[in-house]
Amino acid sequence: MEVPIKIKNICCIGAGYVGGPTMAVIANQCPDIKVTIVDLNAQRIADWNDADLTRLPVFEPGLAEIIAATRNRNLFFSTDIEQAIAEADAIFISVNTPTKTYGSGKGMAADLKFIELCARQIAKVAKTDKIVVEKSTLPVRTAEALKDILEHTGNGCKFTILSNPEFLAEGTAVQDLLFPDRVLIGGEESLAGKNAIQALVDVYSKWVPEAKILTTNIWSSELSKLSANAFLAQRVSSINALSELCEETGADVQEVAKAIGMDSRIGSKFLKASVGFGGSCFKKDILNLVYIAKSLGLNEVADYWEQVIIFNNYQMKRFSEKIIKTLYNTVSGKKIAFLGWAFKKDTNDTRESAAIYVADYLLSEQATITVYDPKVSEKQIQYDLNYLESRPAVANIRGVSLGLDPYEACKEAHAIAVLTEWDEFVDYDWQRIYDNMMKPAFVFDGRGILDVKALSEIGFVCSVLGKSTMV
Ligand code: UDX
Ligand code: ADP
């Protein structure tokens, strides 16, 4: 079996939020490996190659510096997918796997058409044996399908499949990649499988302590990724469920989170109450888990995990309804200023952001919305709202616009809603914001980040998620 003992040339298919940062860090930590990231989307590749590093398609703290150090040294961005595949000894598949929007499994199962396209392209082009690494989160047993396609359509080369799920969180991607809690590599138990696992372990062990590199069988690796995201999302839904109880009882969700988080069996992370979790992974991965369980007839398992999403949808609706109720039961014609549109701070990613759902809800109540987010464009906001397909598609949905600075966004607003926890929001000149707002000046803090006492002293009427009274 001619599995390369040493990986010298990597091709990554998919230059997105996972592929870009992951490969940049590998190139940075392993200067002797040539890494080429390819994508069908020529504009995305052009943006990654842009001389102006503020225009990279993915914003992540610390990423621009790593790109500057590695780009065109041993890190390359290209649209020539075939050449990159042909040259590589390891091919990482890092394309998107959206939830199906049609046919069987619609709204639940992962759509694997992009993965299948990659497999067919690899099979067509490969002239030498390859290690094929699943980097995208995939349903359990996708590796089997991949192997089937590769072996039946290839031209005699040997393909060894590994599952190497990525656990980075957006906004902290570079730190997570440099200092991961663990690296997980799943592979077949054959000699070829073991050789391939070792080759990938050798890459990561350049900077990750060996004790943190975990090797498993391929199915455990695939299921671990879905399970990790399901557990994390479940914690957020659990604390969010308590946030409503706090509002009704006089408890404070931040105090409760601190008290329970100090129990070392529970731990303090992922206990921040919020308008609802977003991002490209949580909902999609849980839906996937639910779909797998249902298709195996495990209905109680499916219902258990589905509740995490049902509650998240409820939380976003509850926040929207609270705004309406507080504004005397109507937001029609009223201006609501959104601080934040991204699904969390320190990223320009807006996929599944709670802000989109809250905006949609308020727009259908005829509110006017102005958004200020330090990293998101108006084009993206319009795209996100159109993506919901809850109103006829138009280039610009009326009633929503981008404020070029926060003060302009909040001018003459009836209310401000904090949707993302960007640090800078805390440091604004809130007196200046208050002076230019309609009165009473309402603030709805969906992230619990503002200094409510100081704001109340200025004159704001504040409502904080998980705290009982309007202050
Ligand atoms: C997640 C996983 O954390 C990561 O390991 C996996 O690789 C991809 O999915 P990501 O979606 O990038 O990462 O961000 P994460 O920090 O997990 O936040 C997800 C959502 O949950 C965000 O909307 C965030 O605001 C929300 N959240 C998180 C809370 O509302 N409260 C919390 O305490 C933590
Ligand atoms: P993620 O968050 O998982 O990285 P993204 O949507 O940010 O997801 O990135 C996935 C990238 O994969 C996109 O840029 C998309 O154009 C690219 N892609 C999808 N299918 C293919 C394919 N068959 N060949 C090359 N690139 C692909």
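This is a predicted model: local features need pLDDT of at least 70, side-chain atom pairs count only at pLDDT 80 or more; totals for chains, interfaces and linings use all residues.
Local features need pLDDT of at least 70 and side-chain atom pairs count only at pLDDT 80 or more, while totals for chains, interfaces and linings use all residues; side-chain values use heavy atoms, with hydrogens and water left out. Residues are numbered from 1 along each chain as its sequence is written, and chains are lettered from A and ligands numbered from 1 in the order in which they are written. Ligand 1 is surrounded by 20 residues and ligand 2 by 16, where a residue counts if one of its heavy atoms lies within 4 Å of the ligand.

**Ligand 1**

- Oxygen atoms of ligand 1 take part in polar contacts (pairs of N or O atoms within 3.5 Å): a polar side-chain atom lies at 2.5 Å in S274 and at 2.7 Å in R447, and a backbone N or O atom of L168 lies at 2.8 Å.
- Of the 660 Å² of accessible area that ligand 1 has on its own, the protein covers 91% (Shrake-Rupley method, 1.4 Å probe).
- The shell of ligand 1 comprises 11 nonpolar, 3 polar and 6 charged residues; Ala, Val, Leu, Ile, Met, Phe, Trp, Tyr, Cys and Pro count as nonpolar, Asp, Glu, Lys and Arg as charged, and the others, Gly among them, as polar.
- Helix α9 (residues 218-249) supplies the largest share of this shell, 4 residues; helices are DSSP runs of H or I with at least four residues, and strands are runs of E with at least two.
- Domain 1 (9-208) and domain 2 (281-464) each contribute at least three residues to the shell around ligand 1, with domain bounds taken from an automatic or database assignment.

**Ligand 2**

- Y17, V18, D39, R44 and R351 come nearest to ligand 2.
- The protein covers 88% of the 580 Å² of accessible area of ligand 2 on its own.
- By class, the shell of ligand 2 holds 8 nonpolar, 5 polar and 3 charged residues.

**Strand β5**

- In strand β5 (residues 130-134), 5 of 5 residues are buried, that is, under 20% relative accessible area.
- K130, V132 and E134 lie on one face, and I131 and V133 on the other.
- Strand β4 (residues 90-93) runs parallel to β5 and is joined to it by 4 bridges; DSSP must find at least two for strands to pair.
- Within this pairing, A90 stands opposite I131.

Terms used. A polar contact is a pair of N or O atoms within 3.5 Å; within protein, one must be able to donate a hydrogen and the other to accept it, and residues adjacent in sequence count only if both atoms are side-chain atoms. Buried means under 20% relative accessible area, exposed over 50%, partly exposed in between (1.4 Å probe, protein chains only).
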